[in-house]
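The sequence and structure come first.

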Amino acid sequence: MYLADQTWPELGDYVAEESVAVVPLGSTEQHGPHLPLATDHLIAEGLAREAAERAGYLCTPTVNVGVSPHHKQFHGTMWVDPPAFRDYVESFSRNLTYHGVDRIVYVNAHGGNMEHLREVGRRLREDEVAFAVEWMWDESIPDLVDEVFERNGPHGGPKETAMIQHLAPELVREKKLAEARDTGLPDIADGDFRVHGARNFYDAIDNTENGVLGDQTDATAEKGERLFEAATDQLVALLEWLDDSRFEDLMAKPHVDPQPGSRR
Ligand SMILES: [Zn+2]
């Protein structure tokens, strides 16, 4: 059920029965010469809408702009700084709780959002207003991702290419796949990311000239469909687990005996 398509009385019927909401979040940032800037938010929205539909839960509108300053050198990349992102997500999440939602899954497809979504989840749990978790699609199916692609690449690689070939094939520049591989960093094992133990890079452009990594020519729409189905299954299972859990059990455990000996 997509929140923005409903009327308010219909949403009243939903929260009378359920308290789960799914929030898709992505980015609008460069994804090399072959993929659109929408890549991450298209993936997040595709998975979130599908899983919410299959499992009968509420999906909110998508957050399209995320924490992407590390892609700023490439044309078109939009970003917000981490404090603004965290406060924005925390604010609309708290406001969802005002309507009766008390468990939220942030369906995420952008690495730069991860730690900030976890921090928002921690704050909401600390205040016992909601249990919110970050769910990164490819981390839900690591073995399958490894099995399907030889040279993966964390950004703009074959896994994201395959997902867009499946979800929005008209947006993939198929003629640019070989160029994406050959002018980027096809094998991250060849990358030189550290100086005397320190990670010596901040931006994507420090490691890859065209902004992407991995072997994009290994991607197909069929592989994308396999990833999409497997990740959707994981997300549906997570939503059902959350729904079945007691709210108290999702909150922080009490302190161990706070003042040992005082009760004697
Ligand atoms: Zn991406």
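## Conventions

Axes are lines fitted to C-alpha atoms, for helices over the stretch in contact, and angles run from 0 to 180 degrees between N-to-C directions. Helices (H or I, at least four residues) and strands (E, at least two) are DSSP runs, numbered from the N terminus. Contact means heavy atoms within 4.5 Å.

This is a predicted model, in which local features need pLDDT of at least 70 and side-chain atom pairs count only at pLDDT 80 or more, while totals for chains, interfaces and linings use all residues. Residues are numbered from 1 along each chain as its sequence is written, and side-chain values use heavy atoms, with hydrogens and water left out.

## Zinc site

The zinc ion has as protein donors H31 (NE2), D40 (OD), E160 (OE) and E160 (OE), at 2.0 to 2.7 Å. Donors are N, O and S atoms within 2.8 Å of the metal (3.2 Å for Na, K and Ca); water is not among the atoms, so sites may look incomplete. Along the chain the donors of the zinc ion have the spacing H-x8-D-x119-E. Distant parts of the chain are linked by the pair D40, in helix α2 (residues 39-55), and E160, in helix α6 (residues 158-167), which are 120 residues apart.

What are the angles among the four donor atoms of the zinc ion? They span 52 to 135°, and the site is irregular. Four donors count as tetrahedral if all angles lie between 85 and 135 degrees; four count as square planar and six as octahedral if opposite donors are over 155 degrees apart and all others between 65 and 115; anything else is irregular. Ideal angles at a metal are 109.5 degrees for four tetrahedral donors. Both D40 and E160 are buried, a term for under 20% relative accessible area, with exposed over 50% and partly exposed in between (1.4 Å probe, protein chains only).

## Helix α2 and its partners

Two packed helices are described by the angle between their axes and the distance between the axes. The axes of α2 and α6 come within 10 Å, crossing at roughly 60°. The two helices α2 and α6 are therefore oblique to each other; angles under 35 degrees count as roughly parallel, over 145 as roughly antiparallel, 65 to 115 as roughly perpendicular and the rest as oblique. The crossing of α2 past α6 is left-handed, meaning that the near helix is turned anticlockwise from the far one by less than a right angle, and right-handed if clockwise. T39, D40, L42, I43 and L47 of α2 make the contact with E160, M163, I164 and L167 of α6.

For α2 and helix α8 (residues 221-244), the axes come within 9 Å and cross at roughly 55°. This pair, α2 and α8, is therefore oblique as well, and α2 passes α8 in a right-handed crossing. On the α2 side the contact is made by G46, L47, A48, E50, A51, R54 and A55, and on the α8 side by F228, E229, A231, T232, D233, L235, V236, L239 and E240.

## Helices α3 and α4

The axes of α3 and α4 are 9 Å apart, and the helices pack at an angle of about 45°. They are therefore oblique to each other, with a right-handed crossing. Residues of α3 in this contact include P82, F85, V89 and S93, and those of α4 include H116, L117, V120 and L124.

## Loop residues

Which residues does S68 touch, not counting residues up to four places away in sequence? They are S27, E29, T77, M78, W79, V80 and H110. S68 lies in the loop between β2 (58-59) and α3 (82-98) and is buried, at 0% relative accessible area. S68 and G111 are 43 residues apart in sequence, and their C-alpha atoms are 9.1 Å apart. N113, in the loop between β3 (103-108) and α4, is also buried, with a relative accessible area of 0%. With residues up to four places away in sequence not counted, N113 touches L25, G26, G66, V67, F85 and N108.

E128 is not a glycine, yet has a positive phi of about 55°. E128 is in the loop between α4 (114-126) and β4 (131-136) and is exposed, at 51% relative accessible area. H196, likewise not a glycine, has a positive phi of about 45°. H196 lies in the loop between β5 (194-195) and β6 (198-199) and is exposed, with a relative accessible area of 86%.
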